[in-house]
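The following paragraphs lead the reader through one protein chain, from its overall layout to individual side chains. Please keep the sequence and the model in view while reading.

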Amino acid sequence: MTRQSLKTILLAAMLAGAAAPALAQITINIGVAPPPVQYEAVPVLAPTQTWAPGYWAWNGDRHVWVSGRAIAKRDGYRWASDQWVPRGNGYYRQPGYWVRDTNYVYVKEKKAKKHKHDHDDDDHDDDKKHGKRHGKGHHKDD
């Protein structure tokens with residue numbers, strides 16, 4: 001294989017990879033510190049959800065606020081929020097991610113047990129109040 005054909009194959013592979021969805025995240029380094037985090041009221045969430053707080057994103061020339069959102073909960077993990085981390089003379093955004101929760105205790109839900117209905121006790125209490133009528137009907141006095 002010639003050197004030129006190898007370059008052509010590598011260039012084609014790179015271009016094909018650019019068309020595929022990106023699996024790696026891009027790190028953005030900027031020299032402008034983000035504003036203070038905005039307060040957001042956390043809504044009532046379903047038991048299967050957790051809250052991912054809002055964060056400041058960079059739109060190319062300034063920070064813009066991205067509102068918090070409900071995300072599907074992962075048992076045994078907690079959500080680490082998006083944040084801007086100082087690095088050298090600038091800042092870079094660390095996207096939110098799941099962290100193993102070392103304090104998590106798995107609790108298995110117990111199904112409600114069916115209690116056996118004690119037929120004899122319930123029916124005979126009624127018999128004491130109303131007389132015994134099991135299958136004999138009412139008697140007529142002749």
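A residue is called buried when its relative accessible area is under 20%, exposed when it is over 50%, and partly exposed in between, using a 1.4 Å probe and protein chains only. By this definition, Trp 79 is buried, since its relative accessible area is 18%. The model is predicted, so that local features need a pLDDT of at least 70 and side-chain atom pairs count only at pLDDT 80 or more, whereas totals for chains, interfaces and linings use all residues. Residues are numbered from 1 along each chain as its sequence is written, and side-chain values use heavy atoms, with hydrogens and water left out.

The overall layout comes first. Helices (H or I, at least four residues) and strands (E, at least two) are DSSP runs numbered from the N terminus. The chain contains two helices and nine strands, and their order from the N terminus is α-β-β-β-β-β-β-β-β-β-α. Of its 142 residues, 15% count as buried. The chain exposes about 12,600 Å², of which carbon and sulfur atoms supply 54%; such areas come from the Shrake-Rupley method with a 1.4 Å probe, and for residues only the protein chains shown count as cover. A contact means heavy atoms within 4.5 Å. Among contacts between residues at least 6 apart in sequence, 43% join residues at least 24 apart.

The aromatic side chains may be considered next. A pair of aromatic rings is described by the distance of the centres and the angle of the planes. Rings of Phe, Tyr and Trp (its six-membered ring) pair if their centres lie within 6.5 Å; planes under 30 degrees apart count as stacked, over 60 as edge-to-face and the rest as tilted. The structure holds two such pairs. In one of them, Trp 56 and Trp 65 are edge-to-face, at 5.2 Å centre to centre and with 70° between the planes. Trp 56 is buried, with a relative accessible area of 12%. Trp 79 and Trp 98 also form an edge-to-face pair, because their centres are 5.2 Å apart and their planes stand at 75°. This pair links distant parts of the chain, with Trp 79 in strand 6 (residues 77-80) and Trp 98 in strand 9 (residues 97-100), 19 residues apart. Trp 98 counts as partly exposed at 23% relative accessibility.

His 63 is buried, at a relative accessible area of 9%. Leaving aside residues up to four places away in sequence, His 63 touches several residues, including Ile 30, Pro 34, Trp 56 and Trp 84.

Which residues form the salt bridge? A salt bridge is a side-chain nitrogen of Lys or Arg within 4 Å of a carboxyl oxygen of Asp or Glu, and by this rule the count comes to one. Asp 82 and Arg 93 form it, at 2.6 Å from N to O. Asp 82 lies in the loop between strand 6 and strand 7 (83-87), and Arg 93 lies in strand 8 (residues 90-94), eleven residues apart. Asp 82 is buried at 10% relative accessibility, whereas Arg 93 is partly exposed at 24%.

Strands 7 and 8 can then be viewed together. Two strands pair if DSSP finds at least two bridges between them. Strand 7 and strand 8 pair in the antiparallel sense over five bridges, and Gln 83 has Gln 94 in strand 8 as its bridge partner. The two strands form a hairpin with two residues between them, and Gly 88 in the turn has a positive phi of about 60°.
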